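Please read them with the structure open.

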Amino acid sequence: MERYEPTLPGDALLAVPDMHVRGHLVPKAGLVASYANGPLVLRQDSSDLGDVVSHQLVLHAMATLPLWARLQVGVDLPIYLSQGGEEPSALGTRFASPSGADFGDVRTDLRLSLLEHEGLVPGVGLQGQAWWPSGAEGSYAGAEDPRYGVAAVFGADQKPLRYRAFFGRRSQPAPSRLTPSLGSDTTFGAGLGYLVNPIWISGEIFGSTRSRVDADLFSRAHTNLEALVSARYEHGPWQATLGAGPGLSEAAGTPRYRVVFAVSFAPGGEVSPGALAQQPKGDEAKVDAPAPRPAEPRSANSDDRDRDGVLNAKDACPDQYGETKTPPERLGCPLDSDADGILDVDDACPQQAGVSSVDPKRHGCPADGDGDGVLDADDACPREHGKRTEDPKTNGCPESVRLEGTQIVILQQVNFATGSDRIEASSFGLLTEVARVMNDHPDIVRVAVDGHTDNVGREAANMDLSRRRALSVMRWLVSHDVDERRLEARGFGPRRPLVGNDSDEHRAKNRRVEFQILKRSDQGERAWQDGPVKP
């Protein structure tokens with residue numbers, strides 16, 4: 001009854017197979033877990049009477065072996081881990097529901113790659129399948145007779161896009177225990193994937209329809225149709241995929257919805273027939289990796305010193321193992337897809353021209369000096385950690401703090417309790433940005449935290465209050481990882497007003513904290529020191 005046949009390890013999609021074969025004598029293996037909800041429902045006059053099978057959880061253990069990057073044999077062992085149902089009745093007949101674990105019918109695959117794709121022009125493959133009776137028909141996990149299928153598969157890969165489609169025929173007996181909606185059928189499916197680096201996002205639709213002359217072709221009752229949307233992460237030979245989607249028809253075997261998780265190990269995926277033809281012969285042949293290197297020392301007298309398949313006379317990099325599909329001026333050189341001078345093998349962003357970085361995750365990526373996620377080319381404050389905005393003048397800038405000349409300028413005031421040096425919690429976010437600016441700029445050797453007041457009250461009291469407030473801010477910064485050697489506190493009371501103390505609004509402006517940069521040095525932390533500031 002299970003209508004979902006998972007693709008083999010290394011294939012691009014979950015339900016629509018690949019058209020090509022990759023590798024030679026390098027086994028691939030994978031596990032696929034499929035959960036189907038309500039795949040068999042008892043219906044009478046368009047009314048649901050209950051679930052004969054309310055759920056099935058199937059684990060597929062699969063392995064393949066490619067040969068000459070043209071032919072591939074594979075095997076799939078399905079294990080029904082969990083299944084159950086409601087045992088509904090109709091017309092005096094009770095339909096027994098399965099329970100417990102069981103084996104399904106073992107599936108064998110044979111794939112032949114007929115035509116390689118060129119860009120988005122599709123390649124063509126042929127796939128044959130056979131299911132051997134090893135599962136129990138009574139638990140809807142297998143059939144009593146062998147079943148066979150054949151399909152033509154089409155598709156192409158050209159990053160960031162790939163697509164697949166297939167059309168075939170599956171021959172199998174119609175089970176006497178079920179409604180006559182199963183049996184030999186025509187199979188079909190198509191899928192499209194798009195790379196949102198580093199995740200492949202894919203959508204697929206697949207199914208089958210009855211092939212008998214007495215069945216309405218593509219009717220809901222005789223057609224199994226499902227859709228899957230999936231996300232896939234690939235790291236070297238490893239792939240992990242999570243997908244889910246609804247059933248789109250009412251035929252037996254179509255679930256209400258399905259969830260699929262797949263993990264596979266598929267080395268040798270870069271070995272195509274063309275690459276295989278260029279491999280060294282005899283004992284030197286190593287086709288289990290995309291870029292084999294000779295183990296023995298290279299001969300200075302060889303016509304192809306680096307043994308990359310490009311003769312020295314035409315090789316732009318005769319002493320570096322390279323590629324044959326590079327531009328003519330870089331023929332035989334290692335791939336550098338974005339031409340930024342950083343080879344793809346080391347480039348964290350191989351499709352975007354970038355710069356060198358000590359961080360492996362940023363090496364070869366566009367510059368983002370302050371690490372705020374806004375590239376320097378678009379960052380209005382490329383040396384200050386900020387936030388992305390729609391305004392080009394503020395994009396990538398801190399919300400409340402600017403580094404301008406000899407000042408760390410704050411666009412808000414540090415608030416204190418009235419007549420006190422206790423910092424209000426509302427100012428903690430502002431001071432956090434000040435601390436971040438200082439820690440992002442070790443070249444700022446010394447900063448004076450200056451406290452100012454208005455002229456209300458005695459000058460001596462205001463002088464004391466301004467010093468205590470400056471010291472309170474300094475202590476807060478030190479407690480948030482700013483080195484104490486870089487800070488000093490000063491209080492000026494009412495002696496340095498910004499504006500006249502002639503109104504409440506002006507007096508509020510004069511009650512402030514400022515951050516004056518006293519010294520910079522290109523020696524960074526080595527220049528931090530206690531004591532008076534030296535010019």
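The points below go from the overall make-up to single residues.

1. Basis. This is a predicted model, in which local features need pLDDT of at least 70 and side-chain atom pairs count only at pLDDT 80 or more, while totals for chains, interfaces and linings use all residues. Residues are numbered from 1 along each chain as its sequence is written, and side-chain values use heavy atoms, with hydrogens and water left out.

2. Overall make-up. The protein has four helices and 20 strands; helices (H or I, at least four residues) and strands (E, at least two) are DSSP runs, numbered from the N terminus. Of the 535 residues, 46% are buried, where buried means under 20% relative accessible area, exposed over 50%, and partly exposed in between (1.4 Å probe, protein chains only). Among contacts with a separation of 6 or more, 54% are between residues 24 or more positions apart; a contact means heavy atoms within 4.5 Å. The protein exposes about 26900 Å², and carbon and sulfur atoms supply 56% of that area. Accessible areas come from the Shrake-Rupley method with a 1.4 Å probe, and for residues only the protein chains shown count as cover.

3. Five strands form an open sheet in the order 16-17-20-18-19, with mixed pairing. Its edge strands are strand 16 (401-404) and strand 19 (487-491), each pairing on one side only. The twist averages 25° from one strand to the next. Two strands are taken to pair if DSSP finds at least two bridges between them. Strands of a sheet pair through backbone hydrogen bonds, either parallel or antiparallel.

4. Bridges within that sheet. Strand 16 and strand 17 are antiparallel and share four bridges; here Glu404 has Gln407 of strand 17 as its bridge partner. Strand 17 (residues 407-410) is joined to strand 20 (residues 512-520) by two bridges, again antiparallel, and Ile408 stands opposite Phe515 in strand 20. Strand 18 (residues 444-452) runs antiparallel to strand 20 with eight bridges between them. Ala448 is paired there with Gln516 of strand 20.

5. Helices on the sheet. Which strands does helix 2 (residues 428-440) lie across? Helix 2 lies across strand 16, strand 17, strand 18, strand 19 and strand 20, at about 35° to strand 16. Helix 3 (residues 459-479) lies across strand 18, strand 19 and strand 20, at about 160° to strand 19. Axes are lines fitted to C-alpha atoms, for helices over the stretch in contact, and angles run from 0 to 180 degrees between N-to-C directions.

6. Salt bridges. The whole structure holds 26 salt bridges, counted when a side-chain nitrogen of Lys or Arg is within 4 Å of a carboxyl oxygen of Asp or Glu. Salt bridges that share partners join Glu5, Asp76, Arg107 and Asp109 into one network. Within it, the closest N and O atoms of Asp109 and Arg107 are 2.8 Å apart. Asp109 is buried because its relative accessible area is 5%, and Arg107 is buried at 1%. Arg485 and Asp483 also form a salt bridge, at 2.9 Å, but Arg485 is partly exposed at 27% and Asp483 is partly exposed at 24%.

7. Nonpolar surface patch. Leu31, Trp238, Leu242, Tyr257, Val259, Phe261, Val263 and Phe265 make a nonpolar surface patch of about 700 Å². Patches are made of residues with over 30% relative accessible area and no salt bridge, with like charges joined within 9 Å and nonpolar side chains (Val, Leu, Ile, Met, Phe, Trp, Tyr) within 5 Å. Strand 14 (238-246) and strand 15 (257-265) are the elements that give two or more residues to it. Strand 15 gives the most, with five residues. Phe265 is in strand 15 and is partly exposed at 33%.

8. Backbone geometry to check. Most residues other than glycine have a negative phi, and most peptide bonds are trans. Lys159 and Pro160 are joined by a cis peptide bond, omega about 10°, and Pro160 is in the loop between strand 9 (147-158) and strand 10 (161-171). Asn197 and Pro198 are also joined by a cis peptide bond, omega about 5°. Trp68 has a positive phi of about 55° and counts as exposed at 52%.
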